[in-house]
Structures are given as C-alpha cells and as structure tokens.
Amino acid sequence: MSERSETKRIERAEGESKSAAAIVQARNLTVKRSRAEILHGIDLDIPAGSLTAVVGANGAGKTTLMQALAGVVPPPRGRVVIGDLDPGRASPREIASRIGFVFQNPEHQFIAHTVFDELAHGLRLRRVPDAEIAKRVGEMLRRFGLEHKAEVHPFLLSGGEKRRLSVGTALITRPGVLALDEPTFGQDRARADELLRLLADLRADGTTVLIVTHDLQLVADHATHTVILAEGRVHASGPTVELFATDGLFESAGLRLPALHRALNPRLRGILAEAAG
Ligand SMILES: Nc1ncnc2c1ncn2[C@@H]1O[C@H](COP(=O)(O)OP(=O)(O)OP(=O)(O)O)[C@@H](O)[C@H]1O
Ligand SMILES: [Mg+2]
C-alpha cells in the first residue's frame, strides 16, 4: 500500500469516529449583510481534531459562514460557540486565542513591514515579553521555512511564502482551531500539496482545521469531514467518505465531482471505501 493511501485510510478511520466532541458549534445561525439574509438558520458541529472542508457553489455562503464562525465578522450573540467562547460577545483578542483565520488573499491580512514584525504583532498586542516573542517568532520562522526572510517585507515574499506567513500569523497565539478561506486558490498542485502537508502536521499536533475549498479532489483526499453549503443552508454534513458514497449529493448542491468519483458508481465506491477503511 502506498504511503498516500495509508494516510487516507488512517484519516478515514479517525473521521468515522462518532464520539469526537464539537469544538465549534453553530445553532440556528442566521447572518445578514446589507439587509439581505445570507445564511439561514445554520446548525453545525465541527468535530475537535477534524480537518473539515466547507464546499458549495459560488455564492453559497462559505466565506460568510467561516467569517461568522471565526468571529472575523462577529456573529449574532448566542449562535456560535468556539470551545466555551461566544465570538458574538468576545473581544478580537480573546477570539484570536481560540481560532486563527487565514484570508483567501494573504496580503489582505499583512500589516507589518517585516516578516518578523508580522508574526510578532499578535504577541505584542498581548504584551508578551520581548524574550518570549523572540522565541516564539523564531520557532514559527523555522517551522514555516522563513528563517532567512525575517527582515524581508511580507509583500516581497513568494506566493508560497506569503501563504505560510499568513498561516504562521494566525497560529502565533496558539489557537486550537485554524480556519482558512480557499488557501489553495490559484496555486499549482505542488504548492497546494505543500500546504496540505502543513495542515496535516498541524492536525497531528491537535489543531482542528477548517478549510473552504472548491477542490473536491483535495476534499476527497484530505478532509475527514465535509460541510456542503447550498444557498445559505447546510445541504449535508458528515464524514467525507459517507458524503461521497451518497449518490448525487454534491451534484444537487451545484458541484461537479472530480473525474474519478464521477466515473465510479456508488456501489463500487462503497466497496472501495470499505476496502480502504
Ligand atoms: N457585504 C455583503 N453585502 C451584500 N451581499 C453580500 C455581502 N457579502 C456577501 N454577500 C452575498 O452573500 C452571498 C454569499 O457570499 P459568500 O461570499 O459568503 O459566498 P461564497 O460561497 O464564499 O462564494 P465564493 O465561492 O464566490 O467565494 C453571495 O450572494 C454574496 O453576493
Ligand atoms: Mg468565498
């Protein structure tokens, strides 16, 4: 068995455990933007330790949902819980210690003039002592292969480096959940795979990962759980392997399955899933 399918088998085994507690929950979450209702009564449980993908056609409400769950745009009070924190009532600083958010375009979140200062920013806001900042930023630079870029302006990094810096910045306050909005958008397969390896490492260290993506192959290969959104509602959610085994589920949300999945009939998919798991 190849290393790749072995990984998939393990992820599936974990993904199938039904006992995992929810680390992010939404209950009857309704979100409006400029008076229009975008999300209509969302109920969701994101299992702790999962890599959960959020998928859906353009305009389905994926970004709005992620930003509400992560408190980037505060949700209505009493509708979302991250651990035991309500992002509708908490300060940005409290929220950032529970959940890190990575925007689709990393440049949107850069605010400092050097990579070091970008990583240090969240710690300085918290009045973390300088020695501790140097230590934690140093660790993050090493982890993301940016040691030699500490004094470089974030805008001068390569695309892959910008992405790694944006992830590092979201993680510097050590949140238990990392949320990313289309982090592989516009990247080639090699760079997307590099990011997915990084997310798998984070997950192995106990971080719950929430990711918006249009890439259903990536979802099939890496996500333990999947949420399908359609027109501001949860169309389906559950272990990824179960959703792919349900005929027509992705298509009825306006999504096109990757070629392999489209070619296989559901019964054959079920047999393969069983053989793999
Ligand atoms: N600030 C806003 N004011 C009015 N409408 C908005 C606003 N933000 C989003 N919308 C609308 O809400 C719907 C959902 O938008 P959202 O960006 O959450 O979708 P998405 O699933 O992330 O789409 P995409 O795949 O294009 O990224 C869309 O119809 C969008 O036009
Ligand atoms: Mg979006």
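Two strands are said to pair if DSSP finds at least two bridges between them, where strands (E, at least two residues) and helices (H or I, at least four residues) are DSSP runs numbered from the N terminus. This is a predicted model, in which local features need pLDDT of at least 70, side-chain atom pairs count only at pLDDT 80 or more, and totals for chains, interfaces and linings use all residues. Residues are numbered from 1 along each chain as its sequence is written, while chains are lettered from A and ligands numbered from 1 in the order in which they are written.

**View 1. Strands β3 and β7 pair in the parallel sense.** Four bridges join β3 (residues 51-55) to β7 (residues 208-212), and V54 stands opposite V212 in β7.

**View 2. Six strands form an open sheet with mixed pairing.** The order is β5-β6-β7-β3-β8-β9. Because β5 (99-102) and β9 (233-239) stand at the edges, each with a single partner strand, one side of each is left without a neighbour in the sheet.

**View 3. Helices α6 and α7 lie across strands.** Helix α6 (residues 159-171) lies across β5 and β6 (177-181) and runs at about 160° to β5, whereas helix α7 (residues 189-204) lies across β3, β6 and β7, at about 150° to β7. Contact means C-beta atoms, placed from the backbone, within 7 Å; axes are lines fitted to C-alpha atoms, for helices over the stretch in contact, and angles run from 0 to 180 degrees between N-to-C directions.

How values were computed. Two residues are in contact if their C-beta atoms, placed from the backbone, lie within 7 Å.
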